[in-house]
Amino acid sequence: MPHEARRVLLVMQAEDASAGRCSRKLQERGYALECCYPLVGQPLPTDLENYAGAVVFGGPMSANDDAKLPGLRAQLDWIPTALDSGQPFLGICLGGQLLARALGVAVRPHPAGLAEIGYFPVQPTVAGQTLFGTPLRVYHWHREGFELPAGAELLATGANFPHQAYRYGVNTFGLQFHPEVDQGILEHWLLDGAEELTAPGAQSAAEQRALYAECDAALDRWFDRFLDMWLRAMA
């Protein structure tokens, strides 16, 4: 049944950014979407009473750039309000890092200077078995990782960045990876961020395209299950 009066807030870091398969799957489930762009000065809502939940997406900046980016500072200041609303919250990559910072822990580069760009496996923890089931290759594009906030439950780990997914409370999740990336986003990022592919730990464009063909169907099925669980929390 469509949720005519139910909106999901999408907090985007750039006006030309795409929410990819996330927006498509939410709309397929009958949710209306409302985008907000804090980095160009758009105000975040003062409460989430009229929203079914909120998703904060990634971007090329660091989660520690709030001193020079007022829109990033606004998100850090707003996240506690969003959590206090009790509505479901999802932070993706930078969004998961901002959530971690708002919960009081640090976001830092890899100690050996590694990036995680491309498809890499994540391993469910015991607590994450229900959510992940088996190891999954997911899409990453980041150079920084977060510590695990106090009171949070680690759901998945990785070889180079150990904190890949966590839950805080019942319906707040932070992910280090990008389940929203579809083929269109992948090709855009490979073109736009080509210079990043020389970073230590990054996969080449050819590797990423091959792994997309191999891994995307399983990632798509996982994200369906994840969103259904998240939407049940909304209900």
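This is a predicted model: local features need pLDDT of at least 70, side-chain atom pairs count only at pLDDT 80 or more; totals for chains, interfaces and linings use all residues.

Colleague: How many salt bridges does the structure hold?

Modeller: There are 16 salt bridges. One of them pairs R7 with E34, at 2.3 Å from N to O.

Colleague: Where do R7 and E34 sit in the chain?

Modeller: R7 is in strand β1, residues 3-11, and E34 is in strand β2, residues 31-36. They are 27 residues apart, so this pair links distant parts of the chain.

Colleague: What else does R7 lie over?

Modeller: The face of Y51, with 4.3 Å to the ring centre.

Colleague: Now helix α2. Which residues there form a salt bridge?

Modeller: D77 and R73 do, at 3.0 Å from N to O. Both lie in helix α2, residues 70-84. They are 4 residues apart, about one turn of the helix. D77 has a relative accessible area of 48%, and R73 has 31%.

Colleague: And R108, which residue does it form a salt bridge with?

Modeller: E147, with the closest N and O atoms 2.3 Å apart. R108 lies in strand β5, while E147 is in the loop between β8 and β9, so the pair ties together parts 39 residues apart in sequence. R108 is partly exposed at 47%, and E147 is partly exposed at 34%.

Colleague: Switching to rings. How many aromatic pairs are there?

Modeller: The count is 12. Among them is W141 with W189, edge-to-face, at 6.0 Å centre to centre and 80 degrees between the planes. W141 lies in strand β7 and W189 in helix α5, so that pair ties together parts 48 residues apart in sequence.

Colleague: Is W141 buried or exposed?

Modeller: Buried, at 17% relative accessibility. The cut-off for buried is under 20%, so W189, at 22%, counts as partly exposed.

Colleague: What about F223 and F226, stacked or edge-to-face?

Modeller: Stacked, with 10 degrees between the planes and 6.2 Å centre to centre. Both are in helix α6, residues 205-234, and 3 residues apart. F223 is buried at 0%, and F226 is buried at 1%.

Colleague: Which aromatic cluster do F223 and F226 form part of?

Modeller: One made up of F132, F173, F177, W222, F223 and F226.

Methods:
Residues are numbered from 1 along each chain as its sequence is written. Side-chain values use heavy atoms; hydrogens and water are left out. A salt bridge is a side-chain nitrogen of Lys or Arg within 4 Å of a carboxyl oxygen of Asp or Glu. Helices (H or I, at least four residues) and strands (E, at least two) are DSSP runs, numbered from the N terminus. Buried means under 20% relative accessible area, exposed over 50%, partly exposed in between (1.4 Å probe, protein chains only). Rings of Phe, Tyr and Trp (its six-membered ring) pair if their centres lie within 6.5 Å; planes under 30 degrees apart count as stacked, over 60 as edge-to-face and the rest as tilted. A charge sits over a ring if NZ of Lys or CZ of Arg is within 6 Å of the ring centre and within 35 degrees of the ring normal.
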